[in-house]
Amino acid sequence: MTYKTERITPAPQLVKPRTGPIKGSVIHSTRGGTSSPEVDYSATKNWFTSPNNMARNSQGQPLGYGGCASRIIGPAGEMTIVMPDDQMPTYSAGYGAIGPPVEFLVDQHYISYELAQPTINTPYTDPQIDRIAMEIALDAKTYGFPIIMRDFRDDQTVPLPGVTRHDRTANGRKLGKSDPGHMFPEVRFVTLARAYLEGVDDMKVIAYILEGQPEQALLIGAHLEHVDSRTQLDALKRIYQRRGVEWVEVAVKKGSPDWNDLQQLGGHYDRLPRKLFQ
Ligand SMILES: [Zn+2]
């Protein structure tokens, strides 16, 4: 899939040279409260170029920094590169509940992504999740970190390599941050990112599972044991559609021979593609 990529130049108070080696990527969402993810995406681009994006103290004095991120991803999978990786935001997930020297500064070591999401309950789009998986897999390959979800809410004196979310950092804990929140499909993201990292088509991975060859899927780097059956079926549907094969879903009666076959495949389905058994 080819997605659009844009670049902006952030306002000078929002960037500085990166001060530590890159160990991973951190996921945020915009929560701009606008009318749609499209509007939140463009509003965030504007905000990251604005002189008004400036933290102030209780007397209203400017503190010389503001909120920013390395990249923004919109609902059609479009991405804005805000800064190169040798620069870091002056703030996106700073020190939090514990503080230095026990706690590390996430921005120093992690490339930050903003997903356009106006509110906590706005669903993320499929292209958005596909694009962030693709990009973080590329980061993982470039900087040699694993696609493992890390929880930094307590403290870490040594920043572990991997992927985290603002709501799983000590800063997020202190500030009560809920991004990217409960709508973020983490299992799908991890599955896709690992498939991209291994250079394997995720559809192929899921097809192996559905076709009763989980060991084959494991061999090519899949960790799909928690992928729900709806996600698997959607993926298989896309495989067939790519191949130009008509997709017909049929209901399966509980306890029927087909149902029993499905249980043996490890799924818990009440519908399945007819093609699977032809
Ligand atoms: Zn955030």
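Mentor: Start with the terms: helices (H or I, at least four residues) and strands (E, at least two) are DSSP runs, numbered from the N terminus. The protein here has nine helices and ten strands. This is a predicted model, in which local features need pLDDT of at least 70, side-chain atom pairs count only at pLDDT 80 or more, and totals for chains, interfaces and linings use all residues. Residues are numbered from 1 along each chain as its sequence is written.

Trainee: What share of the residues counts as buried?

Mentor: A residue is buried if 20 or more other C-beta atoms lie within 10 Å of its own, exposed if 12 or fewer, and partly exposed in between; C-beta atoms are placed from the backbone. Of the 278 residues, 42% are buried.

Trainee: How many residues of α5 are buried?

Mentor: Ten of the twelve residues of α5 are buried, so the helix is mostly covered. Among them are Phe189, Leu192 and Tyr196.

Trainee: What span does α3 reach from its first C-alpha to its last?

Mentor: The expected span of a helix is 1.5 Å times one less than its number of residues. With 18 residues, α3 reaches 26 Å, close to the 26 Å expected. Just after α3, Gly144 takes a positive phi of about 70°.

Trainee: At roughly what angle do α3 and α5 cross?

Mentor: Axes are lines fitted to C-alpha atoms, for helices over the stretch in contact, and angles run from 0 to 180 degrees between N-to-C directions. The axes of α3 (residues 126-143) and α5 (residues 186-197) come within 8 Å and cross at roughly 50°. That makes α3 oblique to α5; angles under 35 degrees count as roughly parallel, over 145 as roughly antiparallel, 65 to 115 as roughly perpendicular and the rest as oblique.

Trainee: Which residues of α3 and α5 meet?

Mentor: Two residues are in contact if their C-beta atoms, placed from the backbone, lie within 7 Å. On the α3 side the contact includes Ile129, Ile132 and Ile136, and on the α5 side Phe189, Leu192 and Tyr196. The contact residues divide into twelve nonpolar (Ala, Val, Leu, Ile, Met, Phe, Trp, Tyr, Cys and Pro), three charged (Asp, Glu, Lys and Arg) and no polar (the others, Gly among them).

Trainee: Is Asn53 buried or partly exposed?

Mentor: Asn53 counts as partly exposed because it has 19 C-beta neighbours inside 10 Å. Asn53 sits in the loop between α1 (37-47) and β4, and the residues it touches include Trp47 and Phe48.

Notes. Lists of a residue's contacts leave out its neighbours within four places in sequence.
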